[in-house]
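Me: I'd like to go through this model with you and ask what lies behind the labels. Could you set each value against its definition as we go?

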Amino acid sequence: MNKFIILSIFSVTFSYSQEYYFYAAAESDDTVSLINFDGETAVELERIPVGSMKTEIEGPHGLTVDPSGDYWYLSLAHGNPYGSLVKFSTETNRPIDKTTLGLFPASMQISSLTGLLYCVNFNLHGAMKPSSVSVVDPETMTEIKQIQTGVMPHGSRISPNGRYQYSVAMMSGELFEVDALTLEVNRTLSLDENHSMSHGGMHHSPVKPTWVMPHPTEPKVYIAGNGSDEIIEVNTALWEITNRINTGKGPYNIDISADGKFLVATLKSDAKTLVWELDKKNPSIISNNSTVPHGVVISPDSKYAFVTVEGVGGDPGLVDVIDLEKAKVVSSVNIGKQAGGIAFWKIEE
Amino acid sequence: MKKTLLNLIISALILTTTSMYSQELIVKSNLENLTMRVGETFKPTSFAEDLEGQKTMCQAVIYYNKKGVFSTAKAVTVDRDKGTIRANEPGTHEIVALCIGQEGQRLSRTFPVQVDFPKAKEIKITLTSAKVYEGSYIPLEFEVVDEMNFTRKNEFFQLSSGSENIQIDAFNNVKAVSPGKAILSASFDDISTTLTIDVLSNPINKLELKASLDVSRTGDVVNYEAVGYDINGNQLEGLPFTYTFSGKAIDKSNNASGLIMNDGRFVADVIGDYMISASLGTSSASRPLKVVGRGVEREVLKVGKGVVSDKHTSDFWVFEGVDGRDYAVTGTWGADGTSFFWDVTDPANIKKIDSVKVDARTVNDVKVSQDGRISVIGREGASDRKNGIIILDVSNPYDVKILSEYTKNLTGGVHNVFIDNDHVYALSGSQRYFVINIEDPKNPVEVGMFEVGKEGQSIHDVWIEDGIAYSSNWRDGVYLVDVGNGIADGSPSNPVAFANYDYATGAHHATFPFKSKSTGKFYTVLGDEIFPDGVDENNPNITAGFLHFVDFSDLDNPVEVAKYELPGQGSHNYWIEDDVLYVAMYGGGVRIVDISGDLLGDLYRQGREIGYIMTGTSNGYIPNATMAWGAQLYKGYVFYSDWNNGLGSSKVSELKPDNSKANQYINKTPIID
């Protein structure tokens with residue numbers, strides 16, 4: 001992380017050409033692609049087969065890279081029935097270790113404070129009951145605890161100081177704050193105010209939050225209201241909703257640039273990506289090169305957003321590269337089918 | 001120059017940053033050398049210490065059992081509220097202390113914690129035979145019950161005896177030497193007990209060994225019965241005979257091998273001369289057995305192929321259409337949601353006649369109703385993640401039409417389906433299956449559901465025959481569920497489980513019920529699916545696992561009696577008809593195996609293979625790479641699908657294999673017909 005910060009500082013001062021590297025998962029091909037973007041063109045360097053059952057789709061879903069840059073971690077959504085977390089070396093892109101998690105493990109991140117990995121068990125296709133956040137020590141690849149949260153938790157992201165893990169429960173419409181040190185739920189917040197809906201006594205969130213992203217410098221988190229077509233701003237100091245911003249249809253994943261300037265959200269149902277300068281009123285809406293945009297990650301220098309786009313059926317998945325200042329797609333590269341999880345690895349001069 | 005200066009600045013900054021975290025620290029804890037007893041709790045305290053012994057307090061310490069949160073980690077559990085650990089099971093366990101430093105850097109150390117068995121409170125020796133005869137080894141079991149009421153079997157007791165009529169060796173084998181009372185003393189953990197053994201004199205004056213056959217084929221189960229007579233010629237009952245065998249294979253480079261059971265059943269694997277013996281103490285009787293080749297090998301001829309060269313192929317189904325012609329449907333895997341329809345009326349001339357493309361990446365399973373009118377295909381990887389099933393009108397397979405889509409409760413992907421009497425049995429998210437009435441195929445209605453009901457339940461397949469659903473549930477094994485048979489008052493809307501069998505590997509992937517025509521016995525044949533080395537896209541994949549033959553003649557006491565395991569290749573889908581098994585063994589092609597007669601032991605080693613087909617083709621998706629997926633006998637032809645190659649047909653010939661081209665140095669062994 002320190003290297004990234006240092007490199008970011010100097011990248012502003014000196015205009016060397018930058019090489020960006022990131023990983024993107026193809027959920028229906030059981031592959032992960034390593035992609036390089038040189039500022040002009042994105043190229044798939046390697047397509048890495050993942051999973052262990054040749055004739056079963058195991059569904060690589062979430063990705064994250066260790067703060068050291070030495071390892072990447074992948075959640076495999078499907079198992080018998082539990083999914084798993086696999087640790088890979090960035091040097092060889094070969095698996096090193098694996099541990100079982102809960103049902104349909106999805107997005108995850110590693111806390112800079114504890115060094116632990118927090119992965120939500122999305123349980124996308126299971127019963128409408130609370131699921132959990134798995135806490136894993138990535139050194140020993142041991143699942144330490146499953147912390148119960150809401151129904152269909154998704155979007156595991158860590159506060160900048162590493163102290164809190166945030167996730168949203170898609171079907172129960174809640175924001176959860178987990179204390180990364182005590183491994184307990186610290187606070188919850190219903191996102192469904194004025195939006196309540198109930199079927200036979202079971203709460204079904206009309207907001208259907210699918211992602212939460214902390215602001216890098218301000219006490220705020222931004223939530224994708226996939227069902228209510230909005231971005232919800234929550235002030236974490238006040239622990240209340242402070243803004244609701246209408247978007248296009250189906251905002252799904254969110255990232256915020258390290259400088260706090262840009263919020264980028266995939267609009268899954270619109271085949272578009274929203275790029276919003278947070279201090280301006282109107283966001284830009286950018287068309288993707290295929291349908292069903294899914295994941296997004298912004299380069300640490302706050303210049304580019306890399307967006308995975310699933311496609312449909314036999315379409316290849318792809319990654320669109322968006323120049324944030326220009327608010328346009330500047331490159332695109334095909335990867336495996338149903339491109340989803342994405343994680344940034346490194347910038348090289 | 002500017003660049004050099006910059007690099008120096010960067011290097012200096014990085015070095016400074018790194019050195020802040022490079023102090024050599026180690027976690028110190030009172031967990032070190034900790035020994036606990038089962039049931040005890042302990043409050044660990046930990047801190048960090050540098051090389052000079054300077055102590056640094058942690059911002060927080062997180063303790064965890066290195067085996068994780070699941071069942072095996074219950075040996076030592078962590079109570080985070082109380083900050084304690086509790087020892088629940090004996091053994092050496094690993095506890096990790098993760099220290100979060102004041103500045104956020106993490107430091108961890110693993111501590112082995114010894115948990116001792118509680119003190120024994122009772123020990124038992126049990127004689128497992130009703131009678132002990134002179135000259136026999138005495139069958140004993142040893143058991144310890146400790147203060148926490150844990151029971152441990154077969155611990156090593158200190159045995160001794162003052163009785164001269166029994167002998168004890170260094171491994172606790174106890175031999176009855178001569179008749180009379182014997183006292184066996186045992187001690188463990190300062191507790192002692194004794195067992196009085198009544199060693200009987202050998203009553204046998206004459207011993208006879210009866211056999212069901214004296215000449216058998218490999219794989220034939222021969223039944224032996226030892227009968228002892230006393231001095232008056234009276235038959236003795238209830239004698240605990242021991243059965244053994246020896247033998248010599250015809251092939252000098254091979255061993256005579258087989259399996260003999262305590263009840264006197266014997267099966268030979270290889271051709272040769274065997275000697276079967278029964279003994280009791282010093283009395284024994286032997287009987288020779290000549291074992292000849294099974295002689296079931298036949299030529300298997302490839303007849304036709306329907307190659308799919310641009311996608312992986314998954315499952316298939318061959319059926320008779322309403323027009324009396326013969327058709328097949330195949331699915332595709334990791335592709336674009338296409339299913340293909342084929343005219344296979346002439347198996348030598350398989351024709352692709354139609355296709356259906358749906359929103360999916362994988363159509364793993366395809367099935368057709370008994371009347372040939374309806375096909376159901378399962379979806380995985382749908383773009384809207386609703387997956388479910390698609391119901392097709394295949395009354396004209398040249399013009400297949402989509403009738404309906406059904407996704408309720410099936411959004412997790414439908415990996416396998418079955419159609420039986422207007423009901424679809426569809427897997428849901430690999431955890432349960434739903435029963436859907438399709439009497440009106442445009443308006444399917446869910447009527448029932450079955451799940452094992454255990455935490456972590458998982459399912460891979462379901463197959464229906466005679467109103468019984470056989471579900472394959474990985475570690476929970478096969479469940480036999482009444483969905484209309486009547487055996488347990490079940491119905492499609494009220495599935496009732498009435499029998500179950502599981503096995504240790506937990507790799508149970510498919511089931512085929514098998515009523516043996518030759519013996520009348522009822523088996524379930526349970527298939528594994530195992531990829532022991534994971535996935536390698538660039539090389540042939542290693543597969544493992546085999547078929548387990550479970551005798552279900554007694555539903556309450558199923559017994560696994562035999563296996564079919566092809567060395568180096570794992571099992572996938574299979575079909576059984578007329579006591580012949582047709583099994584896709586991935587890289588080993590389709591194997592055709594004689595499973596007639598009683599089944600016991602290792603069927604592959606018994607020379608039961610009739611023949612095989614390597615299912616690769618030169619123009620497959622991956623050329624010449626055999627990856628057999630499934631097989632089906634249909635109107636005398638063996639149809640199969642191959643993951644890399646599509647659909648194929650073959651025929652088992654009446655002819656024996658042509659050996660004229662065989663290596664002259666291969667040692668031919670005798671067979672009889």
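Reply: Gladly! Helices (H or I, at least four residues) and strands (E, at least two) are DSSP runs, numbered from the N terminus. Counted that way, chain A has one helix and 30 strands. This is a predicted model, in which local features need pLDDT of at least 70, side-chain atom pairs count only at pLDDT 80 or more, and totals for chains, interfaces and linings use all residues. Residues are numbered from 1 along each chain as its sequence is written, while chains are lettered from A and ligands numbered from 1 in the order in which they are written.

Me: How do you know that the radius of gyration of chain A agrees with a compact globule?

Reply: The radius is taken over C-alpha atoms, and the globule rule is 2.2 Å times the number of residues to the power 0.38. For 349 residues the rule gives a value near 20 Å; chain A has 18 Å, so the two agree. Along its principal axes, the C-alpha trace of chain A spans about 55 × 50 × 40 Å.

Me: What makes A:Asp229 count as partly exposed?

Reply: A residue is buried if 20 or more other C-beta atoms lie within 10 Å of its own, exposed if 12 or fewer, and partly exposed in between, with C-beta atoms placed from the backbone. A:Asp229 has 19 C-beta neighbours inside 10 Å, so it counts as partly exposed. A:Asp229 sits in the loop between β19 (220-225) and β20 (230-235) of chain A, and has a positive phi of about 55° although it is not a glycine. Across chain A, 58% of the 349 residues count as buried.

Me: And B:Asp466, why is it called exposed?

Reply: B:Asp466 has 11 other C-beta atoms within 10 Å, and therefore counts as exposed. B:Asp466 too has a positive phi, of about 50°, without being a glycine. Its place is the loop between β42 (461-465) and β43 (468-472) of chain B.

Me: Which residues is B:Phe142 in contact with, leaving aside its neighbours within four places in sequence?

Reply: Contact is called when the C-beta atoms of two residues, placed from the backbone, lie within 7 Å. On that test B:Phe142 is in contact with B:Ile125, B:Asn154, B:Glu155 and B:Phe157, leaving aside those neighbours. B:Phe142 lies in strand β13 (residues 140-146) of chain B. With 19 other C-beta atoms within 10 Å, B:Phe142 is partly exposed.

Me: What makes β22 (251-256) and β25 (284-287) of chain A stand at the edges of their sheet?

Reply: Two strands pair if DSSP finds at least two bridges between them. The open sheet has four strands in the order β22-β23-β24-β25 (chain A), with antiparallel pairing. β22 and β25 of chain A each have a single partner strand, so one side of each is left without a neighbour in the sheet.

Me: How do you know that β22(A) pairs with β23 (residues 262-267) of chain A?

Reply: Four bridges join these antiparallel strands, and the test asks for at least two. In this pairing A:Ile254 stands opposite A:Ala265 in β23(A).

Me: How many residues of each chain take part in the contact between chains A and B?

Reply: Chain A gives 45 residues and chain B gives 46 residues. On the side of chain A that touches chain B, β11(A) has the largest share, five residues.
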